[in-house]
Amino acid sequence: MQQEEEPKHLGKVRVPHVLTVAGSDSGAGAGIQADLKACSARGVYCSTVITAVTAQNTVGVQGVNVVAEDFVREQLKSVLSDMHPDVVKTGMLPSPGIIKVLCQSLKEFQEALVVDPVMVSTSGDVLAGPLILASFREELLPMADIVTPNLREASALLGGAPLQTVGDMRSAAKSIHDIGPRNVLVKGGDLPESSDAVDVLFDGKEFYEFHSTRIITSNTHGTGCTLASSIAAELARGSSVLSAVKHKDIEKGVQLKCWLIVDVIGLVQSKRYVGSALDYSKDILIGGGRQGPFDHLMKLKHNALPCMRRPFDPSDLLMYAVTDSRMNKRWGRSMSDAVKAAIEGGATIVQLREKDTDTGDFLEAAKTCLEICRRHNVPLLINDRIDIALACDADGVHIGQSDMPACVARTILGPDKIIGISCKTPQQAEKAWIDGADYIGCGGVYPTNTKENNITVGLDGLKTVCLESKLPVVAIGGIGISNVRAVMELGVPSLKGVAVVSALFDRECVLTESRNLLRAIMDSTKAVK
Ligand SMILES: Nc1ncnc2c1ncn2[C@@H]1O[C@H](COP(=O)(O)OP(=O)(O)O)[C@@H](O)[C@H]1O
Ligand SMILES: Cc1ncc(COP(=O)(O)O)c(N)n1
Ligand SMILES: [Mg+2]
């Protein structure tokens, strides 16, 4: 009997999708490259139809190679016939012929169209000459749901009179609206003598002004492409709302209102996104020219910290120091003093376990501890608080069985962060491995007063877990100088070290206790060999 074929889409999730039709920027600050990064940062898939390849850097545009019209058509056909984007966004369209091809290809396209009428790069180089003005005005703009000219482009579309004030931006938005697009956003990134960054939206009825703090930076190459892509991404995310309204076939006035609401929501978020990325990137250095790119994903500075991060090494677990705010209070020392002393005494990894510190104070203390750890090349983990780990860019987290599931933590933290999980049984150890943890903490080995009502597993329980675990193990719970030998002498290869709280921090001199404990650990590992 022939088996019925499973529907191809069963169990799959449709993701929002923007198609960008634009030029490539070899310096990757603007154009297609900016669109890809902006959509990725906003959680939206981005496909790309390339209209021109530019040789470009932070100095300017050194060359432009226009893609043949037929091949632009072919790319459009490939994407539109198969992948069904929710929104099309256009950037550099270098010739009237390419605009014609685009408009023909979009005839059947029912979804939103965002047009960024790119003409001149921020460096002042021409990307699309005056020949295309007529095509913009007559063919593309009337099809657009939103068009986003900067000051120079708005001026060019209207015959050349310069725009110098917010008032000028308003009248330009109104005049461009008369050409036919549903919404016009005139961007004021280059408005002279303006302390904030103002953009003006006109929807045919009302004006809206969007203000944000002007970031003082020269890394603004690609802001226009990024804003338009982010607006397209927001529209793609909201497109289910739009299509629901469209399909109800309600009268045009109501439909327009809905478009506007989505546009306004998307605009606020998009502008905030550009502002945050510019602020994050204001001091990065790429290229020697006047206008640098910025970091759309806000990650590049991670690799510029004083000490380069290295991958997790299981031997880091040898002497694992876990801080405790109550003990520090009792002995009158700060979290960072405690961490510094433990590291100077030989701690090979540090975990901040702060159960009753306010979030703001915890973050500040964690940042100070991180600096100390980085200076000594010792990884710093945060217990349970993934938000704190992300905010201070710690090396990872340690989580318990009742905290956030490890697989979710992995998704949030990404592939490079260290994740440790407390496990008492081989089953939990197996799950930790499947979920993508880097190590497990097994215990309590002995009773301890840092965790009340904690079931102890004893040396036998520890050994059972170690024998089964595919991940490196650190033993925890009531371990100190008097019993560390018994633990390490279990001699199971996966057991890489001991984690200690009271034995280091509930003592008068953390430095001395750390030194002594490290010596005892080393002696017992030697004895095993
Ligand atoms: N220095 C800045 N600080 C904050 N926002 C800015 C800055 N420069 C530009 N923007 C914003 O970036 C977006 C793109 O604007 P603009 O730079 O004028 O476009 P284009 O790159 O096309 O010339 C707008 O929302 C604008 O307000
Ligand atoms: C290929 C290409 N497309 C667009 C721009 C506009 O850049 P900006 O957003 O800085 O004006 C550019 N410089 N290069
Ligand atoms: Mg700009």
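The exercises below treat the ligand site, the open sheet and the barrel in turn.

The model is predicted: local features need pLDDT of at least 70, side-chain atom pairs count only at pLDDT 80 or more, and totals for chains, interfaces and linings use all residues. Residues are numbered from 1 along each chain as its sequence is written, chains are lettered from A and ligands numbered from 1 in the order in which they are written, and side-chain values use heavy atoms, with hydrogens and water left out.

**Exercise 1. Describe the surroundings of ligand 1.**

Step 1. Identify the shell, counting a residue as near if one of its heavy atoms lies within 4 Å. Ligand 1 is surrounded by 15 residues, the closest being Gly189, Asp199, Ile215, Gly224 and Lys271.

Step 2. Sort the shell by class. There are five nonpolar, five polar and five charged residues; here Ala, Val, Leu, Ile, Met, Phe, Trp, Tyr, Cys and Pro count as nonpolar, Asp, Glu, Lys and Arg as charged, and the others, Gly among them, as polar.

Step 3. Examine individual atom pairs. An oxygen atom of ligand 1 lies 2.8 Å from a backbone N or O atom of Gly189. For Ile215, a backbone N or O atom is 2.8 Å from a nitrogen atom of the ligand. The side chain of Lys271 places an N or O atom 2.9 Å from an oxygen atom of ligand 1.

Step 4. Ligand 1 taken alone exposes 550 Å², and the protein buries 94% of that.

**Exercise 2. Determine the strand order of the open sheet and name its edges.**

Step 1. Strands are DSSP runs (E, at least two residues), and helices are runs of H or I with at least four. Two strands pair if DSSP finds at least two bridges between them.

Step 2. The nine strands follow the order S3-S2-S1-S4-S5-S6-S7-S8-S9, with mixed pairing. The edge strands, each pairing on one side only, are S3 (61–66) and S9 (207–213).

Step 3. Take one pair as an example. S1 (residues 17–25) and S4 (residues 87–90) run parallel and are joined by four bridges; Leu19 stands opposite Val88 in S4.

**Exercise 3. Which strands close into a barrel, and in what order?**

Step 1. The eight strands follow the order S10-S11-S12-S13-S14-S15-S16-S17, with parallel pairing. The twist averages 25 degrees from one strand to the next.

Methods:
Polar contact = N/O pair within 3.5 Å; in protein donor to acceptor, adjacent residues only side chain to side chain. Areas by Shrake-Rupley, 256 points an atom, 1.4 Å probe, with all protein chains shown as cover. Axes fitted to C-alpha atoms, helices over the stretch in contact; angles between N-to-C directions.
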